[in-house]
Amino acid sequence: MPMFPLGSVLLPGAVLPLHVFEPRYRQLVIDCLADDSGGDPEFGVTLIERGWEVGGGDQRSDVGVTARMVQVDALGGGRYAVVAVGTRRFRVNAWLPDDPYPRADVADWPDVDADAEGLAAGVAALTERLRDVVALATRLGELPPRDPDDQLATISEDPSVASFNLAALAPIGPADRYRLLCAASPGDRLDLLAESLDDVEAMLRFRLG
């Protein structure tokens, strides 16, 4: 699979806008668009654990998300504006030579089955927690001004998908978001998110004094 390592974590259901200017990734876009295997063109996104997005030589994580390209606009100078959406999680079996862009052999990694009724209650509780934390972060200027209800209105009714939606909206860093991506089940993900929100809320309230 063509791969686009980034310094941020893409989660299933999240939107990923990209300005593609580096020659190797311009070629990735061209090759993805030329793929006639059927369906929307896709590439994989993994977190860069060490190094930089530009130039190569980075150390990449072994868990990522497939990104489906839903909009591609050609810009001047061979650049592209791409909008992609995270679809499904995968594990990297092996990294292949970067020729001409990063590539990997991957295998889908679906969530394990879980009790939907129990998850729904956890999602509802965490949605309320996240509403309070987002409001605090917005008050401190950590997030752009917006109505938390507008953001949380995008939460899926599917508890498994909702666990990723909440993780994507939480004001946490790449390391914590990657930990949530790697959770084996939606229930584990909700538990980890609750711990992360505890830490974030404590920090925000301390700053408010």
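R131 and E128 are joined by a salt bridge, their side chains coming to 2.7 Å, N to O; a salt bridge is a side-chain nitrogen of Lys or Arg within 4 Å of a carboxyl oxygen of Asp or Glu. By this rule the structure holds twelve salt bridges. This is a predicted model, in which local features need pLDDT of at least 70 and side-chain atom pairs count only at pLDDT 80 or more, while totals for chains, interfaces and linings use all residues. Residues are numbered from 1 along each chain as its sequence is written, and side-chain values use heavy atoms, with hydrogens and water left out.

**Salt bridges within a helix**

- R131 and E128 both belong to helix 2 (residues 116–139), where they stand three residues apart, about one turn of the helix; helices (H or I, at least four residues) and strands (E, at least two) are DSSP runs, numbered from the N terminus.
- R131 is partly exposed at a relative accessible area of 23%, and E128 is partly exposed at 44%; buried means under 20% relative accessible area, exposed over 50%, and partly exposed in between (1.4 Å probe, protein chains only).
- In helix 5 (residues 174–181), D176 and R179 are likewise three residues apart, a separation of about one helical turn.
- The closest N and O atoms of the D176 and R179 salt bridge are 4.0 Å apart.
- D176 is partly exposed, with 30% relative accessibility, as is R179, with 36%.
- An α-helix has 3.6 residues a turn, so residues three or four places apart point the same way.

- R88 and E42 form a salt bridge through their side chains at 3.1 Å, N to O.
- Because R88 lies in strand 4 (residues 80–96) and E42 in strand 2 (residues 42–50), this pair ties together parts that are 46 residues apart in sequence.
- R88 has a relative accessible area of 29% and is partly exposed; E42, at 27%, is also partly exposed.

**A salt-bridge network**

- Salt bridges link R129, D198, E201 and R205 in a network.

**Helix 4**

- At the start of helix 4, a side-chain oxygen of D158 comes to within 2.9 Å of the backbone nitrogen of S160.
- The buried residues in helix 4 (residues 159–169) include P159, A162, S163, F164, N165, L166 and A167.

Key
Polar contact = N/O pair within 3.5 Å; in protein donor to acceptor, adjacent residues only side chain to side chain.
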